[in-house]
Amino acid sequence: MRFGILGETRAWHDDGTEVPLGGPARRALLALLLVRPGAVVSAERLAEEIEPGGTVSAHAVQSQVSRLRAVLPAGATIERVGAGYRILLEAGAARDAGDARDAGGGGEAVGGRGTGDGELAVDAVRFERLADEGRAALRDGDTVRAASVLRQALGLWRGTALAGLPDSESARLAAARLEELRLAAVADRIEAELRSGEPRAVVPELRELVGAHPLSERLAALLIRALFAQGCQAEALVVYEETRRHLADELGADPSIELSALHRELLDAGTAPTPAAPPSPLTSFVGRGTETSEVATLLRTARLVCLTGPGGVGKTRLSAEVARGAAAAGDDVCFVELAALRDGSGAARVLLSALGLRENGLQMAGEPQTPLDRLITALSDRPLLIVLDNCEHVVDEAAALAARLLRACPRLRILATGREPLGVIGEHVWQVRPLDEDAAVRLFEDRARAVRRGPAPDPGAVRRICAALDRLPLAIELVAARLRTLEFAELAGRLDDLLAVTACGSRGADARHRTLRSVVAWSWELLSEDEQRAARRFAVFAGGATARSAREVCGMDGDTLESLVDKSILEAVGGGRHRMLETVRAYAAERLHESGEEERIGRLHAAHVLDLLGNAGQHLLRASQLEWLPRTAAEDGNLAAALRRALGAHAHGTALRLLASAATSLWIRGVSATAAAHAAALLEAMGEEFGEGAADASPDAWGEEYAVCVLLAAATSAGQPAWRRHRAAAQKALEVAWPGDRAGRYPAALLLWMMRNAGEADPGAAFTLVAAQRTCPDPWGRAAAAYVSGYGPLSDGDTERAAHDFRTAADGFGALGDRWGSALALDALAGLAGARGDRAEAVALTDRALALTGELGALEDSADLLVNRGDQHVGRDPGQARADYTEAAALARAGGSSAGLGAALRGLGDIALLDGDLDEARRLFTEALERIDPHWVKSLGNRVCALAGLGRVAEARGDHAAARDHYRRAAASVSGLGPRLPDTLRLMGLQEAAVEAVMRAG
């Protein structure tokens, strides 16, 4: 049997025939009992519900019950319980209605009421069970199953819930509840379809729903996301504005923080970092058209697809074609090359870089969140296709990264390539096979025509060559390139040798050794002696090289470089740089090792990287920094390779110089954490002679390089033990290197040394050391020293002298054209202007700093400045302050900055407190504290403000004990800031009442 109340009340026998229920009174009676199967409904209430305001007697109700019993099918019983009635449904009654276990329900409770399987004979109960299952699948990221289950749930509806019942309050409430659940299930189903990449299919339905429910922010948000996914940004903005107006007109309310943040994301969509595009093709794409379309189709429903196959089969080229097609269709695409990684520990970091996001911002937090955390923050609600290319050598780490991102980022899709599957649940494996015979011939002929004009080669001979090469595209291209120097007859004449070299051999051997390695070896033998020498030396470049670099390290002249490019040993990658395919580079590295010149070429490579980075140092803190930062970034792979070789050879001096030369670029770009592991390993290898137990040892021999290495190690939490062990010795090294009348070789370390030591228990020596540089001959060093010196009088309450020092720093940095230092100094001046009440000046200075961080592309730094600007507005223009905090939160999310998001949430908590919304203020302050780093000096103000805000919330609620506890924690956070603590608290933005409360608590 089955019962239906999702529409007109009806009942059916097991064979599908309908039960004749009789008139409206009996249908109403049955519906009221079925709303909660098994629950007792009093006879008095049944009488009132059947005929509201009427005079139906208890005897009349009993009569209707008797008639209803007579027609009910087997398995359904209406029994008298005290002064009321209830309907009981046997467990087997739901069998032909679609067994609950088929939907994953079993005999568990629906809506927490402890329902049994028998109750699933009622369509409303089945609907709730399926809606809950669909929502759970959606939370777990299983969007395909979620959409299917939710469609099944919604298919149970035949019209308006409880249609035809007399108009009573109880019936209206029950129907309204079911209709509300129905709307929620529709929204869940649409969200599942959106996450599955089907925005166009749901837009018309969403428009109709938003029109019918103009105050539903969730439906509006879904429509906005769907329109944005289609590239209709302007239409999405219109939807937001209409929703905002409806909320204001009908409820007198503003959009929620979530919807406001979505609006800000829309506005900023055009300025978001540009993900790395797929590599542009240099040659035609042959023989993979059908596969390209099929993989693209698979990606519309599968969130993780892995292209597998032997080396050289064309996985990368196929993935690039799929990615270009997706980008042409309007999808957001990021292409990530993992080939240069030596291990998987940097996979997340490479993805951050490919997305255009920096690891650390201008704040240079001491213990930044992990790259994976930043990725999740940035991608949690972003529709994006990521291509992870060449995963085979880091397969475990790539699999873990993909699985974590897919679970946390429901709108993300991943296309991976590798020799083997990632082995992640939900992965769709696509085996990329060698070209078919005709396609292999077309590829060979196409590449042959590109290097040599003349009669077409003999088709039969071409087929034999392609077959000998296992029809691998890369192998075919390498061999066809040889026609530049060999006649085709000569090439075909070597076929017997080729077959011997490329024989598969043992099936247990690595696939690369059985196929592509043999092809590379054969192609290598066709190079001239000079070409082989240049190619094997080029293997030291892990990050590619310019023509100048190849010439200086490899002794490679222009003709040889061009010849290696022509023969597909090297490829031009733009920007005047060339790189070697990783499979070829691995073979070349073996040849370099066998040649006996590996150590010498490695030393040349390290010296060359040192020269490049050393020359860049003088430009990175000047007006030309925007030109030089990309140049140094391009050498990150070579820096890492040189460091590995130096550490392996125990060349500690070389490793120290490499790290120190790269540090300024790493700090400005916010990626110092990439070198932290190398720095910590170097300090460990150097031994304990400069550690905590030998603080009196003289570090003169190591100097600034040693101190910079210590600073770099401190960039991550893993390097904190090394920082604590070597800090005292590094301080001594700097005291020798920076006597005051001489500029250091790495002046950027001035700022970092101060900021790192400011959070220590004894920062005085570090401040004195840095301030002594005010008379050094280097103008940047003088500006940095002036900036540092300003914090001394600031802690003593001498704001006039502090302002003088900060202005001197700003003028010095500005005269040099350094945007990094200028933004720091302008921000400090803005804080002083705000503290003395000059809000207009504070905002103007912050706007100038924002313009500079915009040039540097620092989303997280811009977010920090927007929070500061919001703090200036909060007293006079809360609406503008709210806008700044909301924009800061959106930028912090886009940049993956947890600390920046924490600061923005703290500001929004202040706004909620002003509005009197104590619950919202408490939530925002609590979440802000979870994100703010308590050990980094730049985060101190936001931490104190958030704690003080929680104290004010507790006071407003009369919880004075909790308020005192929050104020004590705030006081403890700033206990070491000097005797003018009240003034310092005011500079941090605390209101006078909060300052007094913190002082009392301290």
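Trainee: Contact means that heavy atoms lie within 4.5 Å. With that settled, what covers the buried residues of α3?

Mentor: The cover includes α1 (24–35), α2 (43–50), β4 (76–81) and β5 (84–89). Helices (H or I, at least four residues) and strands (E, at least two) are DSSP runs, numbered from the N terminus. Please note that this is a predicted model, in which local features need pLDDT of at least 70 and side-chain atom pairs count only at pLDDT 80 or more, while totals for chains, interfaces and linings use all residues. Residues are numbered from 1 along each chain as its sequence is written, and side-chain values use heavy atoms, with hydrogens and water left out.

Trainee: Which residues of α3 are buried, then?

Mentor: They are V61, Q64, V65 and L68. Buried means under 20% relative accessible area, exposed means over 50%, and partly exposed lies in between (1.4 Å probe, protein chains only). Seen down the axis of α3, the buried residues fall within an arc of 105 degrees, so they line one face of the helix. That arc is taken over the directions from the helix axis to the C-beta atoms.

Trainee: And what sits on the face turned away from the buried side?

Mentor: The exposed residues H59 and A70 are carried there.

Trainee: Changing topic, where is D188, and is it buried or exposed?

Mentor: D188 belongs to helix α6 (residues 169–195). Its relative accessibility is 3%, so D188 counts as buried.

Trainee: What does D188 touch?

Mentor: Leaving aside residues up to four places away in sequence, D188 touches R135, L138, L150 and R218. As for R151, 37 residues apart from D188 along the chain, the two C-alpha atoms are separated by 10.0 Å.

Trainee: Now the strands. How do β12 and β13 pair?

Mentor: Strand β12 (residues 570–574) pairs with β13 in the antiparallel sense over 4 bridges. Two strands pair if DSSP finds at least two bridges between them. A572 has H578 as its bridge partner in β13. The hairpin of these strands has 2 residues between them, and G575 takes a positive phi near 65 degrees.

Trainee: What about β11?

Mentor: Strand β11 (residues 545–546) and strand β13 (residues 577–580) are antiparallel too, over 2 bridges. T546 stands opposite R577.

Trainee: Last point: what is the mean pLDDT?

Mentor: The mean is 82, and 85% of the residues reach 70 or more; pLDDT is the predictor's confidence in each residue, from 0 to 100. Over residues 93–115 it stays under 50, and the model has 44 contacts beyond four places in sequence for them.
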